[in-house]
Amino acid sequence: MPASLVEARDIRKRFGATEVLRGVDFSVQVGEVHALLGGNGAGKSTLIKIITGVLPRDGGELLIDGRPRAIAEAQPVAAHLVAVVHQEMALLPHLTVAENIALPQRRHALAWIAAAASRDKALQALTLIDADFAQQALERPVSQLSLHERQLVEIARTLASGARLLLLDEPTANLTAAESQRLFDVLRRLVSRQSIGVVFVSHRMREIREIADVCSILRNGTTVVDRARLVRLSDAEIVERMGQGDAVRSLHRRSSAALSARDAQAALRLAHAELNLEIAPGSIVGLAGAPAGPSQLIDQLVGAPGRAAHWRVTRGAVELDTRDPQRALACGVGYVSGDRANKGVLHALPIVDNLMASRRVLERRFWVARSEVPDSQALIDGLAVQGTAWQLPATLSGGTQQKLLVARWTRLKPAVLVLEEPTRGVDIGTKREIYAQIRELASRGTTVIWWSTEAVELVEVCDCVLAFDPDGRPTRVLQRDDISEERLADATGMAA
């Protein structure tokens, strides 16, 4: 029987009056990819923080590499044996690949003297992952790498530190289908040759089945499935155990915007050298393909600094002035960034300030108006969020924070709302709620521009999809009845 790298038994954790973990069992063995599943708020992040020593547990037993660990000693032990690769990568862009890989080992000034030895160790770790990439990328600044390449550097850094258990949190959220496949090839090779284990956290069922051997499912802070072979569970059984069967069934209710009834004079028009697209108010328009094309259009719509003007954007007969974010907002263009942590949530400010931020910018106002607190509380209650307007966002799950970012635009009723991966890293139930928010906005005339790397999501939600090729050129517009994963793959040149 393979050795266990981590065994967590009856783990408990409380934050104030809230019991987040109520007796979790979880174990990972050498040579396996283990899917950790559960809805937002199920306790996955808290469990990972306890295993890695970031948080102390309140009860239960934790064994790392077969040895029981007291609460006080968990952190230094975990720092050597367990490593997390997060969605938001922690590399220093101005340093080279070799310097980033060696950084955790350089704990004091004298360590920098051993630069040659550090470089050799970095090369060895990166070669285990991709020998060709190691040879050509070692001295390149991280800022010049793609997201996929940066992820490989993160994994190499964990191997160089001696970690034997890798915890990957939504590792494919920002990757194309081809990049995801390359990552899976790396993970398979590592678990088979390097005597390590991998914990894979994802909400994408197809990927889970492709890469993982076993799964454990958390629900409301307890383990409801412990080390089950994935081949023995259907997708329906998994989501039922997560407590989200109703949510999955509701995903198949398609958008029903009555496009023909919209006022053509208010249509949004996107003109490019390759094609022209006219969009009726209330439409949900998907953007599909490699990031180059969608990000170029989004930058122009929202007035991102330094963007190139490849598109002409008009509404009716008026060209929209989107030279900067302030002008774009004044033209009625709202925006929810795909970078929730750095460009979305205002972490130091309470929920009321987060919900009212866009309104204040539009009104050129910086103080809290009397109506904002009841308005914010009504939005919170309408989203079935347990909290008050004066709480900090950190008290909420990532999925709930994402719902609040979309709700920021509810009362403003923008003419256009641009969304970057609004359901990235959220569970099926939260996806359903975000879909409902978006459909409600569209039903009131807002044109939604939705970039998603999940083809199945575009199929489910969108009235039409604008596809881009790998070089960023728009190739085709697929109307509702023509949208399928296979046609999207053909139009974008990317695997479905």
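At 11% relative accessibility, Asp469 counts as buried, the term buried denoting under 20% relative accessible area, exposed over 50% and partly exposed the range in between, for a 1.4 Å probe and protein chains only. Asp469 forms a salt bridge with Arg473, in which the closest N and O atoms are 3.1 Å apart; a salt bridge is taken as a side-chain nitrogen of Lys or Arg within 4 Å of a carboxyl oxygen of Asp or Glu. Arg473, by contrast, is partly exposed, with a relative accessible area of 40%. The structure is a predicted model, in which local features need pLDDT of at least 70 and side-chain atom pairs count only at pLDDT 80 or more, whereas totals for chains, interfaces and linings use all residues. Residues are numbered from 1 along each chain as its sequence is written, and side-chain values use heavy atoms, with hydrogens and water left out.

The structure holds 30 salt bridges. One of them joins Asp58 to Lys13, with the closest N and O atoms 3.8 Å apart, and it links distant parts of the chain, since Asp58 lies in the loop between H1 and E4 and Lys13 in strand E1, 45 residues apart; helices (H or I, at least four residues) and strands (E, at least two) are DSSP runs numbered from the N terminus. Lys13 is buried, with a relative accessible area of 8%, whereas Asp58 is partly exposed at 48%. Another salt bridge is formed by Arg188 and Glu210, whose closest N and O atoms are 3.8 Å apart. Arg188 belongs to helix H7 (residues 177-193) and Glu210 to helix H8 (residues 205-211), so the pair ties together parts that are 22 residues apart in sequence. Both are partly exposed, Arg188 at 33% relative accessibility and Glu210 at 31%.

Strand E1 also takes part in an open sheet of four strands, ordered E2-E1-E4-E5 with antiparallel pairing, where two strands are said to pair if DSSP finds at least two bridges between them. Strands E2 (18-29) and E5 (67-68) stand at the edges with a single partner strand each, so one side of each is left without a neighbour in the sheet. Nine bridges join E1 (residues 4-15) to E2, and Lys13 stands opposite Leu21 in E2. Helix H1 (residues 44-51) lies across E1, E2 and strand E4 (59-64), running at about 65° to E2; axes are lines fitted to C-alpha atoms, for helices over the stretch in contact, and angles run from 0 to 180 degrees between N-to-C directions.

A further open sheet has six strands in the order E16-E17-E18-E13-E19-E20, with mixed pairing. Its edges are formed by E16 (333-336) and E20 (474-479), each with a single partner strand, so one side of each is left without a neighbour in the sheet. Neighbouring strands of this sheet are turned by 20° against each other on average, direction ignored. Within it, E13 (residues 284-288) and E19 (residues 464-468) pair in the parallel sense over four bridges, with Val465 in E19 as the bridge partner of Gly286.

Among the helices, the axes of H16 (residues 398-407) and H17 (residues 428-443) come within 10 Å and cross at roughly 0°. H16 is therefore roughly parallel to H17, given that angles under 35 degrees count as roughly parallel, over 145 as roughly antiparallel, 65 to 115 as roughly perpendicular and the rest as oblique. The contact (heavy atoms within 4.5 Å) involves residues including Val406 and Ala407 of H16 and Ile434, Ile438 and Leu441 of H17.
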